[in-house]
Amino acid sequence: MNRRRYSRLLLLAFAAALFAGLVMGIGISRLVSQAEYTQTARLTGTSYSRHSELEQALLQGLHDENAADLQTGTELLHRYGYTLHTFNNKNRLLIIAGSVGLWMLLFLLFAAVQYRLQIKRKERIAGLTAYLYSINQGQHHILPRTGEDEYSFLEDELYKTVVELRHTRETAVLERQSLADNLSDIAHQIKTPLTSVSLMAELLADSRQNSADALYVEKIQSQLTRLERLVSSLLTLSRLDAGTLELQQLPVDVYTMLASAAEPLENILSGRRQTLTLQSSPAISYRGDYHWSSEALLNVLMNCSEHTPTGGNITVSYALNPVYTQIIVEDSGAGFPAEELPHIFKRFYKGSNARKDSVGIGLALAHSIIQRQNGSIHAENRPEGGARFVIKWYAH
């Protein structure tokens, strides 16, 4: 409420109180005067009807204020039990009824005004709330002006804020799209020479089978494979950021998807003598994208393998409830340092236990893919040691 409106309300309240006081004073004065006049007329009439010769004396008594006559009359009334309380009791009910009636009328008027103001406030708040709801639903429109009141300033600032936020959002979307396009272009530009280099490395490996240079060729091929995977991951992230990666919503059998995700790791697990235990029953499914779900789980399993010592174990289990389908991936490694847990799904974040050649993009990619499919992924440490990933695919 602005200062001008508040001052006007105070002035109105003062005027109403002054008016009520004047009305009440005039009303009480009329009641008292009426009672006094009625009593005087009654006494005068009684005296005159019995002693008409006292007419002049009676009129003289009404006109003059004689203290001796007042004293004599008071003593006479007291002698027969008529006191001031006698007349107070007689007029009290009438005066109280008049006063209470006046103040009740003022109270009802005040309550009616306050009720109307309350209804108006609720309507204004409901209007502003509906406007914000429509904005959240993507329905941008001009906030209608309903007049000047205590919410007008809030209404103006709210509209300015919404316009500014919409402009900021549109700018951010354009910038994100531009960044994603640039990253996609760079990834495509890198893939062309990578393909050529990979082909030449394969030819070189075929010609150097019995040479000491074969080891170097093998290392080159390994780094090229890693670089190709990095470029592919960056391209996928750029498509996720831009919202151009189309994900299907079809029934996905959990066991089949997990088996597909683990298949590329067979040689790696065998080389590290690691055991992957995959639950095979019961048959459970969820709605999502089979290919990209498998890609996300491959990154999770690869992370577990990298942080599990030689001869360690990786266990995958899953379950279904009315709310979501849950997949739990656990390993027998060292687990996560507590201070790193909030950051492990950030892009290019490398923990203290990460490999030297790690880029820090696998878990970030898995996180983005799972979220885009109405899912969530959470990392924690097992009480008995090791890491645990909890993945939930929520029912639509």
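The side chains of R388 and E380 meet in a salt bridge, with a distance of 2.9 Å from N to O. This pairing comes from a predicted model, in which the structure holds four salt bridges. Salt bridges link E330, E380, R382, E384 and R388 in a network.

**The R388 and E380 pair**
- R388 counts as buried because its relative accessibility is 16%, and the cut-off for that class is under 20%.
- E380 counts as partly exposed, since its relative accessibility is 24%.

**Salt bridges of R382**
- R382 forms a salt bridge with E384, and the closest N and O atoms of this pair lie 2.6 Å apart.
- The side chain of R382 also meets that of E330 in a salt bridge, at 3.9 Å from N to O.
- This second pair links distant parts of the chain, for R382 sits in the loop between β6 (375–381) and β7 (387–394), whereas E330 belongs to strand β5 (residues 324–331), 52 residues apart.

- E384, by contrast, is exposed, because its relative accessible area is 54%, where the cut-off for exposed is over 50%.

**Helix α10 and the residue N374**
- Helix α10 spans residues 362–372, and its buried residues include L363, A364, L365, A366, S368, I369 and I370.
- Just after α10, N374 takes a positive phi of about 60°.

Methods
Residues are numbered from 1 along each chain as its sequence is written. This is a predicted model: local features need pLDDT of at least 70, side-chain atom pairs count only at pLDDT 80 or more; totals for chains, interfaces and linings use all residues. Side-chain values use heavy atoms; hydrogens and water are left out. Buried means under 20% relative accessible area, exposed over 50%, partly exposed in between (1.4 Å probe, protein chains only). Helices (H or I, at least four residues) and strands (E, at least two) are DSSP runs, numbered from the N terminus.
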